Amino acid sequence: MASATQLDRVRARLEYWRPPRLSPEQLKKVFPRDSGTEEGPRYVTMEVDFGGFNNIRQGFEVVLAAALLTGRTLVLPPSRGWYLINWGPQTRNKHTEDTKKSTSLMSHFFDIAQLRKFIPVITTDEFLERERVRFSIPAKFTAAAVGTGSTAQKWHPFDMWWREQSKHVKIMDRWNPLRYVVCWPSIAEACSKEKLSRLPEGGKAFIDRRQMSEGMGT
């Protein structure tokens, strides 16, 4: 049996995060909440990555940053079958007919109650109930209908419909971590030559082939 010291070492290697340095109250002063529009609050929504859990986790982290910096309410994605967790090739615990229909939620893997202390978060079910009329969401997209399917599908019908609502939805392409470095609150303040000079090789390896973006207002 592993000793407490050994377990602490393993935990230290696995935990890539650190506890927040600011309290929820302090964080709100640094990252003010978005006041929304005359019609109501503004949101950040997301789609679950087609890849495995690491891809999903990394995408979730980018979306969390977007919600924090913009001050908007984060809408958690609906339940879906995740690759290598609910479907896909498995090296053990082969799928049965029941597990093939299983789905996952962010709340199965992340502490959403703790997250809500720092940013406003609602579920897709709550979003549908709250904003169906405002965004003219078709009646066929019930909570049950939206929360089915898997990431094996190219696009879920609800995701396809939501992407097409250009009046309400804007794809936050400048938050794509593969193509952009989001400089907050501005390029001048966060990504100046003086700031980048503090990084190894003047930030060359960090920036790589990506473009710098302020990312705000999207």
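Predicted model: local features only at pLDDT ≥ 70, side-chain atom pairs only at ≥ 80, totals over all residues.

User: How are Phe 135 and Trp 162 arranged, as an aromatic pair?

Analyst: Phe 135 and Trp 162 pair edge-to-face. Their centres are 5.6 Å apart, with 75° between the planes. Phe 135 sits in the loop between α5 and α6, and Trp 162 in helix α7, so the pair ties together parts 27 residues apart in sequence.

User: Is Phe 135 buried or exposed?

Analyst: Buried, because the relative accessible area of Phe 135 is 8%. Trp 162 counts as buried too, at 11%.

User: How many aromatic pairs does the structure hold?

Analyst: It holds 17 aromatic pairs. One of them is Phe 53 with Phe 110: the centres are 6.1 Å apart and the planes are at 15°, so this pair is stacked.

User: Which parts does that pair tie together?

Analyst: Phe 53 lies in helix α3, and Phe 110 in the loop between β2 and α4, so the pair links parts 57 residues apart in sequence. Phe 53 is partly exposed, at 30% relative accessibility. Phe 110 is partly exposed as well, at 23%.

User: New topic. What lies over the face of Phe 206?

Analyst: Arg 210 does, at 5.3 Å from the ring centre.

User: And where does Val 169 lie?

Analyst: Val 169 is in the loop between α7 and β4. It counts as buried because its relative accessibility is 16%, and buried means under 20%. Val 169 and Ala 65 are 104 residues apart in sequence and 18 Å apart in space, C-alpha to C-alpha.

Methods
Residues numbered from 1 in each chain as written. Heavy atoms only, no water. Helix = DSSP H or I, 4+ residues; strand = E, 2+ residues; numbered from the N terminus. Buried < 20%, exposed > 50% of the residue type's maximum accessible area, 1.4 Å probe, protein only. Phe/Tyr/Trp six-rings, centres within 6.5 Å; stacked < 30°, edge-to-face > 60°. Lys NZ or Arg CZ within 6 Å of the ring centre and 35° of its normal.
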